[in-house]
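Let's take a friendly walk around a protein model. Have a look at the picture first, then read on.

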Amino acid sequence: MKTLVLTLDLIGTFVFALSGATAGARRRLDIFGVLVLSFVAANSGGIVRDLLIGATPPAAISDWRYIAVSMLAGLVIFFWYPVINRLRNAVLLFDGAGLALFCVAGAQKALVFGLDPWAAALLGMLTGIGGGVVRDV
C-alpha cells in the first residue's frame, strides 16, 4: 500500500509541478520563479496534509524525490514552454490530472494513518486543492 501511495504522490507531484511552472512561465518569471512555483504548487497540499495527520517531517521536505520531481517538471516547462503553451488550457489540463491523483493519494495516506473515511476524504480534498490555492495566491 505504501508503494501505491508513494507512486500516486510522485506522479501527482510531477503533474502539479507542471501546472505551477506553466503558470510561472506564462507570467514570464525567471527560472528561479518558475522553480519556486513548481515546488509550491506540487507540494503545499501534501505538506499541510502530512502535518495534520502527524506524518512529520512532511514527505515533501524529508524525501529528496519530491524536490527532484518538482524541479524536473519546472525545468521541463521553463525550457520547453513554447511547445507546452500550444496545448489549449495547459494549466487546467495539468490541474485536473494532479487533482485526481492527489485526492486519491491524500485520502489513501490518511487511511493508512488510521483516520476514518470522512476525515480521509476531506484530507484528500485538501491535498488536491492546497497547492493550487497557494500557487494562485
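## Where the model comes from

This is a predicted model, in which local features need pLDDT of at least 70 and side-chain atom pairs count only at pLDDT 80 or more, while totals for chains, interfaces and linings use all residues. Residues are numbered from 1 along each chain as its sequence is written, and side-chain values use heavy atoms, with hydrogens and water left out.

## Overall fold

You'll find 6 helices and 0 strands here; helices are DSSP runs of H or I with at least four residues, and strands are runs of E with at least two. The C-alpha trace spans about 45 × 25 × 25 Å along its principal axes.

## Inside and outside

Of the 137 residues, 48% are buried, meaning under 20% relative accessible area with a 1.4 Å probe, counting protein chains only. The accessible surface comes to about 7,200 Å², and 72% of that belongs to carbon and sulfur atoms; the areas come from the Shrake-Rupley method with a 1.4 Å probe.

Most residues other than glycine have a negative phi, and most peptide bonds are trans. Arginine 28 has a phi near 60 degrees, a positive value. This arginine 28 sits in the loop between helix 1 (2-26) and helix 2, and is exposed, with a relative accessible area of 77% (exposed means over 50%).

The other spot is the peptide bond from threonine 56 to proline 57, which is cis, with omega near -10 degrees. Proline 57 lies in the loop between helix 2 (31-53) and helix 3 (59-62).
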